[in-house]
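Please open the viewer and follow the stops below in order. Each stop names a selection and then describes what is there.

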Amino acid sequence: MDFNFEVDEVTIRREREKARALRKQGWWQNRIAKGVCHYCEKSFPPKELTLDHIVPLARGGRSTKGNCVPACKECNNRKKDLLPLEWEEYLQHLKDAIES
Ligand SMILES: [Zn+2]
């Protein structure tokens, strides 16, 4: 077993709790009030934005301000469904679409 990549249930539960608390804080309310998805940079009503961990908790990410970003439902679903490499490609595709 490789302990470096092992994230235990207790840690994940604790980080989820932290994320729930973060969602009630002013800085998060301000972030979603802007209504912009961190990934696709499109505008959404604040209530449609969810808190997403850039580095997922299961991969050792934490519920810190730097790791929590607003994401629209579409990006959130894609991130869940895609492998990390496919997700990178999706982000690159979004950037290309914005620049061209
Ligand atoms: Zn998005």
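Is Lys 79 buried, partly exposed or exposed? Lys 79 is partly exposed, because 19 other C-beta atoms lie within 10 Å. By definition, a residue is buried if 20 or more other C-beta atoms lie within 10 Å of its own, exposed if 12 or fewer, and partly exposed in between, with C-beta atoms placed from the backbone.

This is a predicted model, in which local features need pLDDT of at least 70 and side-chain atom pairs count only at pLDDT 80 or more, while totals for chains, interfaces and linings use all residues. Residues are numbered from 1 along each chain as its sequence is written.

Next, select residues 73-81, helix α3, in which Lys 79 lies. Helices (H or I, at least four residues) and strands (E, at least two) are DSSP runs, numbered from the N terminus. Show Asp 52 and Trp 87 as well: Lys 79 touches both, not counting residues up to four places away in sequence. Such a contact requires C-beta atoms, placed from the backbone, within 7 Å.

Now select Cys 37, Tyr 39, Cys 40, Leu 49, Ala 71, Cys 72 and Cys 75, which form the largest nonpolar core. A nonpolar core is a set of buried Ala, Val, Leu, Ile, Met, Phe, Trp, Tyr and Cys residues joined through C-beta atoms within 7 Å. Beyond four places in sequence, Tyr 39 touches Ala 71, Cys 75, Leu 91 and Leu 94.

Finally, select helix α2, residues 26-34. None of its nine residues is buried, so helix α2 lies largely in the open. Gly 35 follows α2 and has a positive phi, near 70 degrees.

Technical notes. Two residues are in contact if their C-beta atoms, placed from the backbone, lie within 7 Å.
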